[in-house]
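Every answer sets a value against its definition and then concludes.

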Amino acid sequence: FNVSNGTYNEQVRIPEINGSASSHRITFQSASGDSSKVILTWPSSNTDPLNYTLLLDSADYITFNKMTIARTGSGSLGHVILIMNKANYNIFSHNRILGVYTFNNTRNIIDIVTAKTNDNYNTYSDNYIKYGSYGIGIDGGTGHEKNVNISNNIIDSAGFAGIVLDTTDNAYVFGNTITNVINPSGFGVFA
């Protein structure tokens, strides 16, 4: 899908899609090739139980390329991208992922977060990620997230940590630049 320039104020949930496979990826990308021209955004909240701008819910083989995905405001619920229920083999590449500014160590405001549900073989590469308590938070829960690729991202001004890996096996973390962690007790990478 080549997405036209514009700002799209909505929450997007992508469920499992029959027919998606390694040979039949579903791609959402900026038609102009400029990530700053296609913006998917949703305001943060203090009460909305649907804590995301973009949700991959059991969706496999989805690619987002050269788009901006954002959360605005200062609410206490501010995930940008939520990945859950065995969403596998997804790629986020060359995007701008803009979260909510926070100083705190909270698991409710993470720019890219997995929900302890065995979401494996996902790739996050060459993105610009700003704010959120964590830039990227991968949490496998009791099942462990496997074969996650986090490479060549710029993670700027995370509140508490650039990257957090919790119960993750075979994570490939390479070439990331993490700058300006806001909380002086914070971390670049916590595993």
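Q: What makes Ser-133 and Tyr-134 contacts of Thr-106?
A: Contact means heavy atoms within 4.5 Å, and Thr-106 meets this with Ser-133 and Tyr-134 once its neighbours within four places in sequence are left aside. This is a predicted model, in which local features need pLDDT of at least 70 and side-chain atom pairs count only at pLDDT 80 or more, while totals for chains, interfaces and linings use all residues. Residues are numbered from 1 along each chain as its sequence is written, and side-chain values use heavy atoms, with hydrogens and water left out.

Q: Why is Thr-106 called buried?
A: Buried means under 20% relative accessible area, exposed over 50%, and partly exposed in between (1.4 Å probe, protein chains only). Thr-106 has a relative accessible area of 17%, so the residue counts as buried. Thr-106 is found in the loop between strand 11 (96–98) and strand 12 (110–114), where strands are DSSP runs (E, at least two residues) numbered from the N terminus.

Q: Why is the pair of Tyr-61 and Tyr-89 called stacked?
A: Rings of Phe, Tyr and Trp (its six-membered ring) pair if their centres lie within 6.5 Å, and planes under 30 degrees apart count as stacked, over 60 as edge-to-face and the rest as tilted. The rings of Tyr-61 and Tyr-89 have centres 4.9 Å apart and planes at 5°, so the pair is stacked. Tyr-61 is in the loop between strand 6 (54–57) and strand 7 (62–65) and Tyr-89 in the loop between strand 9 (81–84) and strand 10 (91–93), so the pair ties together parts that are 28 residues apart in sequence.

Q: What makes the pair of Tyr-101 and Tyr-131 edge-to-face?
A: The centres of Tyr-101 and Tyr-131 are 5.4 Å apart and the planes stand at 80°, and this aromatic pair is edge-to-face. Tyr-101 is in the loop between strand 11 and strand 12 and Tyr-131 in the loop between strand 14 (128–130) and strand 15 (134–139), 30 residues apart.

Q: How do you know that Arg-13 forms a salt bridge with Asp-57?
A: A salt bridge is a side-chain nitrogen of Lys or Arg within 4 Å of a carboxyl oxygen of Asp or Glu, and the closest N and O atoms of Arg-13 and Asp-57 are 3.2 Å apart. Arg-13 lies in strand 3 and Asp-57 in strand 6, so the pair ties together parts that are 44 residues apart in sequence. Asp-57 is buried because its relative accessible area is 12%, while Arg-13, at 45%, counts as partly exposed.

Q: Which residues meet Asp-139 in salt bridges, and what distances show this?
A: The side chain of Asp-139 meets that of Arg-107 at 3.3 Å, N to O, and that of Lys-116 at 3.7 Å, N to O. Asp-139 is buried because its relative accessibility is 6%, Arg-107, at 44%, counts as partly exposed, and Lys-116, at 52%, counts as exposed. Arg-107, Lys-116, Asp-139 and Asp-166 are linked in a network of salt bridges.

How values were computed: Helices (H or I, at least four residues) and strands (E, at least two) are DSSP runs, numbered from the N terminus.
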